[in-house]
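Hi everyone, thanks for coming. Let me put the structure up, and then I'll walk you through a few spots in it.

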Amino acid sequence: MPKVSAMVLRTKQFLLNRSGGVGKRSPGSACQERCRPCENFHKGYVYESAPASLGASTFPGGHCFENKANCGASILYSMGMAILRVNSVVQVNLKQISAFGLLLLCAVGCQKEEIRAYRVPKEAPPSQMASGPASAADPHGHSPGFLKWKLPEGWKEQGAEQMRAASFKIEAADGRMAQVVAIPLGDNPAMELESVNIWRRAAGLEPLSPDKLAENAQIVPVDGVQGHLYEIAAEPAAGKVKLRTLGVMSVHAATVWIFKMTGDDSLVTEQKPAFLAFLKSVSFHEGMDQQMAEMPARVSTNNKRIPAQADLPKWDAPAHWQAKAPGPMVLASYTVTGDKGSADVSISKFPGEAGGLIQNVNRWRGQLGLAPAGPAEINPGLIALPIGDEKANMVDLNGTWKGKPARMLGAIVPRGGETWFFKLLGDDAVVAAEKDNFTKFIQSAFK
Amino acid sequence: MKILNQALNFFTSLRLTVVCLALALGLVFLGTLAQVQMGLYAVQEGYFHSLLVWWTPKGASFKIPIWPGGYLLGTVLLVNLIAAHVKRFELSRKKLGIFIVHAGLILLLLGQLLTELLQVESYMRISEGQTKNYSESGRKNEFAVIDHSNPKEDYVVSIPEKVISRTSELATPALPFKIKVASYYPNSAPHTNTTPQREVTIEKAPLVTAMDDRNMATANVEVQTDEGVKGPFTVSMWTQSPMFTYKGHEYELAVRPVRYYKPFSIHLIDFKHETYKGTVVPKNFASRVQVARPDTGENREVLIYMNNPLRYAGETYYQAGFEPNDTGTILQVVRNPGWLTPYVACTLVGAGLLVQFLSHLVGFAKKRTA
């Protein structure tokens, strides 16, 4: 009689102890019923497929066990092993599947970026804003989307370079050369003085102070707006070519533009009439101011309010002032509509002095088509604006805006290391009627 | 065999599940705090779309991993869930509900992983009256060479940023010339200098991480042809694209957001932005668009507004923003093949919980009546 191995006994005990609850037969007893009397072993039972390792005697025709319980246990054990074998296959497959899955993930996630070539229909020119590439040039003018001009004779257009919106080369037959560029600089009012002084330093001249700037400027028209022309030349060192620079600063739709001709002194002098004619022919597209932002300011519909509202002072805007989404460089904007026209209010802020009082007043004067003025002319016209315990300055200007007579009230408020600019610009009747409201609005911002 | 059993025990243990969930909780907390400084996009990439969260000690040039990232935790949780299920699988009516719940969780995890790998997000900015047939990536840029010679169509060769930034000379069968890359700046900024020839130059700038910012790339290139060298050109998102002519073809060089062209076009008829009266608090944003598809002849008007996107051709168009002065709309375009999985997964989880609850309730009720 073979002895039942310890393993079989442990297996039997483990399996028989697993019961499925009240009234349920143990798995072991169910298996015992599958055992039938062993034909070749007078004490044992036999079942159909008992593994020899369970310690049963092996006789031809089957395996025998000492008793029915061991027989049942061995059936259960073999069933368990069968399940584990399935599981191990699943586990192995799981490993393989996981490995494959990881490879697949890597293949998907680490997709190699490749060069693509394709054909697309021509892009239709946008109705308002230029977001595509430069359109084709006509014989006399060119339109890079927002700037148009008439190309003077002998000027060769070059590709855009660095920050230049347009670039031209002039080459005389005797080899003298000059270059013309058009560069948008943004809306920082300090740029005019800064740029002029860069040109002056390059020519070996002393920089200008803000109050001297106006004296050195000539008024030239650029798309209906008066620009400031600065002519800079200096005696060169021995053996060097004398250079002359004609630099024009023009503000159009909240953007400062530079138009500059630099080159051989005599050639620049000869080309000055052509340069002035070129400036007269320049025209800016409607909506150009929005294109000149680094990326036109996006307003997310996730914002609870129009952007920057939360950072703005808590001013009291009159109820009839209609708030509108501010443009680039502008923190807030309102429209005022009256019986005799309309006006716009805009509020902006720049760090530091932002060019100072005279510079900014001249910027506004330029927007209205007025000639720049010096301190002697500007200071007497300043209106003192009390704001709390401090004072700010306001100007009242009359000129033209977009071809129509216009009036502007502009206030410059230095506060906390920054300079705030408040501007009311529009029809004279509306501006006159809103002057008190405008003043109170500014004062309410800093209470 | 022993190792396999140990691995199996490890991956099927409940302890691993609890540890992973605790680490995930910590990851979300750390990511939320880091977002203040780093911005949402950078935190998403560094904390959640990665295997490990890396940290650079102040002044050091090396990085050390400090926390398991979202991909690692998600994968381990998924393996843990599946392995435990396989090991302890017992098909019985009593556990049917739990089986359905776990199936829902597995589907949720897998679905989110597929979304991460396959989702494409882009934006379509359209001015009123304008028609567009492409959307642009909000973050990725490309270097494009465009042949405008054909009057009806443009031939575009799009070079990914990863390719152009890692090469000094690019030759491709798609172009009849080589492009020599002197430098590529993934982000750049204009800089005023004092040289007499140029007032403003474009210099390399650090990459931006804030959600509303984008990297303005710049490439300084030359084009090498058999007619000679064309350029050098500064191709920048700050400036107009340079153009040149070669063998009668007019080429444009552009650095621009990656474009995804569609087989249909969207025309913006009107954009409306309403505010509550007397305030600047937005009330409603709506874009009335015309969708036209030449190959199917489809041409219909659609209104896209808040919480009412357009689902079309496997993509979803959400009202995301608008241009200043209400002159145009910005639609967020999302292609997500796995968009249904969260809904199915949540349904499965809900159904599983219901089944499990009801089976216990019925059993309890039966015992009580007995």
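**A buried arginine and a helix pair**

Let's start with a side-chain pair: A:Arg407 and A:Asp428 make a polar contact through their side chains, at 3.2 Å. By polar contact I mean N or O atoms within 3.5 Å, where, within protein, one must be able to donate a hydrogen and the other to accept it, and residues adjacent in sequence count only if both atoms are side-chain atoms. Keep in mind that this is a predicted model, where local features need pLDDT of at least 70, side-chain atom pairs count only at 80 or more, and totals for chains, interfaces and linings use all residues. Residues are numbered from 1 along each chain as written, chains are lettered from A and ligands numbered from 1 in written order, and side-chain values use heavy atoms, without hydrogens or water.

So is A:Arg407 buried or exposed? It's buried, because its relative accessibility is 13%, and buried means under 20% (exposed is over 50%, partly exposed in between, with a 1.4 Å probe and protein chains only). Among the residues that A:Arg407 touches are A:Leu397, A:Leu424 and A:Lys435; touching means heavy atoms within 4.5 Å.

Now over to chain B. Helices α2 (residues 14–38) and α3 (residues 40–48) have axes that come within 8 Å and cross at roughly 145°. Axes are lines fitted to C-alpha atoms over the stretch in contact, with angles from 0 to 180 degrees between N-to-C directions, and helices are DSSP runs (H or I, at least four residues), numbered from the N terminus. On the α2(B) side, the contact includes B:Leu27 and B:Met38, and α3(B) brings residues including B:Tyr47 and B:Phe48.

Note on methods:
Helix = DSSP H or I, 4+ residues; strand = E, 2+ residues; numbered from the N terminus. Lists of a residue's contacts leave out its neighbours within four places in sequence.
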